[in-house]
Amino acid sequence: MKYNLLGNTGLKVSELCLGTMTFGGKGWAKAIGTLDQPAVDSIVKRSVDAGINFIDTANVYSEGWSEELTGKAIRNLGLTRDDLIIATKVRGQMGPGPNDSGLTRKHIIQQAEASMKRLGIDYIDLYQTHSFDPLTPWEETLGALDNLVNSGKVRYIGASNLAAWQFMKALDYSAHNRIAKYVSLQAYYSIAGRDLERELVPLMIDQQIGLMVWSPLAGGLLGGKYKREDSGKAGSRRDNFDFPPVNRDRAYDILDLLHPMASAKKSSVAQLALAWLLKQPAVSSVIIGANKMEQLEDNLKSTEVQFSADELHQLEEVSKLPPEYPGWMLEFTKGNRTK
């Protein structure tokens, strides 16, 4: 297990991060996973034993139950809290009231306290806004997050699921007002879904922002069960929860290459898909989640996969995005103005 700096901080996070959406199984999360406490304890123990020090959860996962299971696992296993980087999120609906969601000062501070209580901790390492809130101005959201950092209840703040213009606006507001700024972005990225590379990856590299990848296997499509000739149900999560959206034609082109490559390397399709992400320069950590121990064991082996230059070239060619404006125009006009 390697450890990478999280953006422009000195914080070292494991290249694989343990995701906890499979913990619990309440509400909409039931389609993702239904792991109980003994299973969660086993998953957390194996992850930490493998060198993972980074755990990602959210208040909305199983309506808070995921946080409770995660916190109890840490205590059950006798893990040292300060050895772990615990990340959680705020934004989603946590009750029936009109102020039980969003990124208002009221909701952010209330949910930070609730998350710490559920996790059984007295500070959050990385507190992330789960998405954009069009009703709340950035000054209110970022001011509340800065208050939490200054109070010692939060160490770092991060964002998730933002457009490039939204993210840059938030970074600029923090810099101009000299308050805590986002150090990371959690976003969907996979070899079958490289849209992030159009605007957000260049922004993150330029601004030295850490990238945490969610759904690196494209909702199970890259887990190894799907092939072009068997394009129906494959006994995967995507059978019941078809998310995130994927260009199926391009995905099957990628799978046509990954399956024989995995066989030749005595690896798995999932390991190659994860390993490709680990090679991408903007990536700080790739979030993996599992319903079964064998899935976790398989994912952990992705850190051992090596690609030849030719293999990387093949993967690049089959998965690259089609040209889109203004990208193709910027490439056309750059001429000799390159480093």
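**View 1. Arg91 sits in the loop between β5 and α3 (105-119).** This model is predicted: local features need pLDDT of at least 70, side-chain atom pairs count only at pLDDT 80 or more, and totals for chains, interfaces and linings use all residues. Residues are numbered from 1 along each chain as its sequence is written, and side-chain values use heavy atoms, with hydrogens and water left out. Helices (H or I, at least four residues) and strands (E, at least two) are DSSP runs, numbered from the N terminus. Arg91 is partly exposed, with a relative accessible area of 22%. Buried means under 20% relative accessible area, exposed means over 50%, and partly exposed lies in between (1.4 Å probe, protein chains only). Which residues does Arg91 touch, not counting those up to four places away in sequence? They are Asn59, Ser101, Gly102, Leu103, His107, His130, Ser131, Phe132, Asp133 and Pro134. The C-alpha atoms of Arg91 and Asp133 are separated by 7.7 Å, although the two residues are 42 apart along the chain.

**View 2. Asp125 forms a salt bridge with Arg81.** A salt bridge is a side-chain nitrogen of Lys or Arg within 4 Å of a carboxyl oxygen of Asp or Glu. Here the closest N and O atoms are 2.9 Å apart. The pair links distant parts of the chain, 44 residues apart: Asp125 is in strand β6 (residues 124-129), and Arg81 is in the loop between α2 (65-76) and β5 (85-90). Asp125 counts as buried because its relative accessibility is 7%. Arg81 is buried too, at 15%. The structure holds 15 salt bridges.

**View 3. Arg194, Glu197 and Glu316 are linked in a network of salt bridges.** Between Arg194 and Glu316, the closest N and O atoms are 2.9 Å apart. This pair spans 122 residues, from the loop between β8 (182-188) and α6 (196-207), which holds Arg194, to helix α10 (residues 309-319), which holds Glu316. Is Arg194 buried or exposed? Arg194 is buried, at 4% relative accessibility. Glu316 is partly exposed, with a relative accessible area of 31%.

**View 4. Asp253 forms a salt bridge with Arg228.** The closest N and O atoms are 2.6 Å apart. Asp253 lies in helix α7 (residues 248-264) and Arg228 in the loop between β9 (210-214) and α7, so the pair ties together parts 25 residues apart in sequence. Asp253 is partly exposed at 37%, and Arg228 is partly exposed at 35%.

**View 5. Thr20 is in the loop between β3 (16-19) and α1 (37-49).** Thr20 is buried, at 1% relative accessibility. Contact means heavy atoms within 4.5 Å. Leaving aside neighbours within four places in sequence, Thr20 is in contact with Ile55, Asp56, Thr57, Tyr61, Ser66 and Thr70.

**View 6. The largest pocket is lined by 45 residues.** On a 1 Å grid over the protein atoms alone, a pocket is an open set of points where a 1.4 Å probe fits, with protein on both sides within 12 Å along at least five of seven lines; lining residues have an atom within 4 Å of a point. Ile32, Gly219, Gly220, Arg237 and Gly289 lie nearest the centre of the largest pocket. The elements that give two or more residues to its lining are α7, α8 (269-278), β10 (283-288) and α9 (293-300).
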